[in-house]
2 protein chains.
Amino acid sequence: MELETSPLALPFPDMPMIDGVTLRVARARYKNWDRADLTFAELAEGTSVAGVFTKSACASSEVELGRAGVKQGCARALVVNAGNSNAFTGYRGREAVEAIMDQVSAALGCPREEVFVSSTGVIGVPLPKDKARGGVAAALEAEPCGWEDAANAIGTTDTFAKGAGASAMVGDTRVELAGIIKGSGMIAPDMATMLGYIFTDADIAPAFLQEALERANAQTFSCITVDGDTSTSDTVMVFATGKAGNTRIESWDSPGADAFAAALAEVCRNLGQLVVRDGEGAQKFITIRVLGAASDDSARRVGLAIANSPLVKTAIAGEDANWGRVVMAVGKAGEPADRDKLSIAFGGIWTARNGVPVEDYNEAPVAAHLKGEEIDIAVDLGLGEGRATVWTCDLTHGYIAINGDYRS
Amino acid sequence: MELETSPLALPFPDMPMIDGVTLRVARARYKNWDRADLTFAELAEGTSVAGVFTKSACASSEVELGRAGVKQGCARALVVNAGNSNAFTGYRGREAVEAIMDQVSAALGCPREEVFVSSTGVIGVPLPKDKARGGVAAALEAEPCGWEDAANAIGTTDTFAKGAGASAMVGDTRVELAGIIKGSGMIAPDMATMLGYIFTDADIAPAFLQEALERANAQTFSCITVDGDTSTSDTVMVFATGKAGNTRIESWDSPGADAFAAALAEVCRNLGQLVVRDGEGAQKFITIRVLGAASDDSARRVGLAIANSPLVKTAIAGEDANWGRVVMAVGKAGEPADRDKLSIAFGGIWTARNGVPVEDYNEAPVAAHLKGEEIDIAVDLGLGEGRATVWTCDLTHGYIAINGDYRS
């Protein structure tokens, strides 16, 4: 099935190459297609690494080995396979990942645990070792490529290439960040979503890099959802080559630590939003702001209950400001809420306040807002200071068609 | 929008009238339609009542008042309004419910708290008091009707009338049970689903009736889901008129207590399954059996994670035995699970065992099973003795059309 580009797609941004990062792609032909499906990033010696991974109890071998590799803190290479997630494939799947790690570590002369592998695609089919070996060999010989080529090569049901960059001043040194991501279905929070990779030339200790990533993740990837379905392979990693020559960031007290963390969070937020914009069948991008909650975490869970409600998502698809369905979703969230303090707005216009419909509610501007592509929902629980913002898309016939109208 | 009858519909069963119950319906015209939308059940003096209600934090006044009424244990009347849920309507909504209770208690000469009211339909519009008053007055004058008329009158987006009956021997006395239910969307567990009413001529103490209902609810209504969206109005009540003349059931030690509880659970299970069979857009009825879980409750939560996964539900709609999506749903459930002990079967045929695909897996009989209307999924977690069965339906274009293609 040929998928049309999402109507919410954004153009791929101009991003500078990162010193210490070389990208190459190759055709491993994991599926019967003629496109690059193996991405290889070679990283300078001494590159720091951090990662957040799916919390699924059925995580893939790639995730298990990646989680172990992040603990030692250094990376020399990243290999991403598209078309086969290699999840739920037992020892045969694990052998395939280890074979790729061996092949790359031999070629680069680095310890095996500094090679990171990700795979995305169908669950339950062992990654074919021969195709992987051929793909890695081809990638090692290939000409370097740019970000957009790599972003395309890691995609599966994605309909457009997704990237985001930023820069930050660390002391007197300007450092660059560039990230790419894939994902459009099986997207849910409580994890590091899908496959996302961020590269920077900043010099950063692995422990701080991990802390900054986890902090950014909590407010970005953990706040997006397409369908509430958490993947077995979700991975976001950051690689810091140190080539910018800044004074090494060791902790939050180091010069530039806050600036770098802010830039990292910006890249994470933009990448996460791009995944929502490529949500399967998405026609509208929905921002849900929850305030007045008992805590930030409670606000996030209320926001996700709204964002994951099929009735709310279909109402938005139908351009219907059906705030009653938002009430329903708040009610079922299992978080502190008081019906008689709850207020709801669409596009900045309050439709219900303190548990009752607004008396002189003018539907016309709300209806006009609902006709747009960018929908804002605000919910004030009226209880405390907790707040969160969550991003999702609508639920349309497109989602059913992509996931139900054909055999995968 | 005119909805076609669900392809999974069952014919309305023959059920005897229950001694001590008189049903009447009337046209309150809560919406611009020409159909009975107010149902009135008059109950004999001394009728015991039990109820389970939504756990939504945004429950309607009907639910609040019903919960309070159940505590005193007696019922003389039930009024059900269809077309307006009266939820999230503040003091004006509450006044409308109290007005109905006053009107009925004056007509029957009974305490107000023995009158129970339920409403179902759009959220956020106060129930119009004048229409309710007219409807109740008409119902008080109307000729008695049968179960199917009442089952039709409580429905909203339902496409067929739903009822289930049973009988049990209590000592030497045969007692009858008859139940009706409505619901097809905004159906999720962790509650007593939708509006369901069960009547029996058995003589039963309210405290035991409540305990038997809660026990049945945990294995029936709490194990069904259509879309994971919990309503603000969900209610299931049981009324026992005592007219059968059996020795009153006071506790689990009373003669016939187990037989009555089994009959009640059977009615609850059948009513719950009928709601799934009328799931919005449903084309297939899905039974998910989870075994080998750490506990029964854990098994239920794993089952519901599978049943609520849009990717699993669309795969079934597409007649695709995509067991990888079942793995995903198990992984995200947040319950104890071990990837390498997990086994999955469709239609009784194991497709994956102990974390790997079955080697000589023959897809043909599985594909044939998926083409049917009744789909069986079995999941063995391989950990313990916990088990549960959960029922749901597939996710089709019909659900999107019903909930998204028009303004409600």
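This is a predicted model: local features need pLDDT of at least 70, side-chain atom pairs count only at pLDDT 80 or more; totals for chains, interfaces and linings use all residues.

The entries below go from symmetry to the interface and then to the cysteines.

I superposed chain A on chain B, and a rotation of 180° with 0.0 Å of shift along its axis does it, at an RMSD of 0.0 Å. That is how a two-fold axis relates two copies. I then looked for the C-alpha of chain A nearest that axis and found A:His397, 2.9 Å away from it.

**Interface.** How many residues of chain A are in contact with chain B? I get 63, and they meet 63 residues of chain B. I also checked which residues take part: 100% of the interface residues of chain A are interface residues in chain B too, so the copies meet through the same surface. The area buried between the two chains is about 5000 Å², and carbon and sulfur atoms give 57% of that.

I count four salt bridges between chain A and chain B. One of them joins A:Glu359 to B:Arg92, with the closest N and O atoms 3.9 Å apart. Several elements of chain A supply at least two residues each to the side touching chain B, including α1 (61-72), α2 (90-108) and β12 (356-357). The largest share of that side, eight residues, comes from α9(A).

**Cysteines.** I looked for disulfides over all chains and the count is zero.

Methods
Residues are numbered from 1 along each chain as its sequence is written. Chains are lettered from A and ligands numbered from 1 in the order in which they are written. Side-chain values use heavy atoms; hydrogens and water are left out. Copies are superposed by least squares on the C-alpha atoms of residues with pLDDT of at least 70 in both. Contact means heavy atoms within 4.5 Å. A disulfide is a pair of cysteine sulfur atoms within 2.5 Å. Buried area is the accessible area (1.4 Å probe) that two parts lose on being put together, summed over both. A salt bridge is a side-chain nitrogen of Lys or Arg within 4 Å of a carboxyl oxygen of Asp or Glu. Helices (H or I, at least four residues) and strands (E, at least two) are DSSP runs, numbered from the N terminus.
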